[in-house]
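Here is a short briefing on the fold of one protein chain. The sequence and structure come before the notes.

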Amino acid sequence: PISGIEAILITDDANSSVSAGTTVALTAADVLTYSTTDTLYVLGNPGDTLDIGLTTGGNLDGWTTTGVPDLQGFVTYTATNGATLLVEDTNQVLVV
């Protein structure tokens, strides 16, 4: 199993486009399993999507966010189980 990671880079393609993005699906339980700190950074390019079930699964993990990027350009999402995602500003990665 995946463990001990701090970040996920969805797409690292200089020629990426909105029409050719990649989708990664994560649950709050995945974050706790994959990260030793219960926090994962998610980076990507235009067209990339992070599916955490906000709109596709009824938000069963109870994710909350202010939707406002911090000074480093990351939007924080926190689940009811304590998992945290720091997602590159939505201008890059769409969160659904």
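Predicted model: local features only at pLDDT ≥ 70, side-chain atom pairs only at ≥ 80, totals over all residues.

Residues are numbered from 1 along each chain as its sequence is written, and side-chain values use heavy atoms, with hydrogens and water left out.

**Overall fold**
- The chain holds one helix and eight strands, counted as DSSP runs (helices H or I, at least four residues; strands E, at least two) and numbered from the N terminus.
- Starting at the N terminus, the order of elements is β-β-α-β-β-β-β-β-β.
- The C-alpha trace spans about 35 × 30 × 25 Å along its principal axes.

**Burial and contacts**
- Of the 96 residues, 34% are buried, meaning under 20% relative accessible area with a 1.4 Å probe, protein chains only.
- Of the contacts (heavy atoms within 4.5 Å) between residues at least 6 apart in sequence, 66% join residues at least 24 apart.

- Three strands form an open sheet in the order 2-4-8, with parallel pairing; two strands pair if DSSP finds at least two bridges between them.
- Strand 2 (23-25) and strand 8 (93-95) are the edge strands, each pairing on one side only.
- Strand 2 runs parallel to strand 4 (residues 48-51), and three bridges join them.
- In this pairing, Thr-23 stands opposite Thr-49 of strand 4.

Technical notes
Buried < 20%, exposed > 50% of the residue type's maximum accessible area, 1.4 Å probe, protein only.
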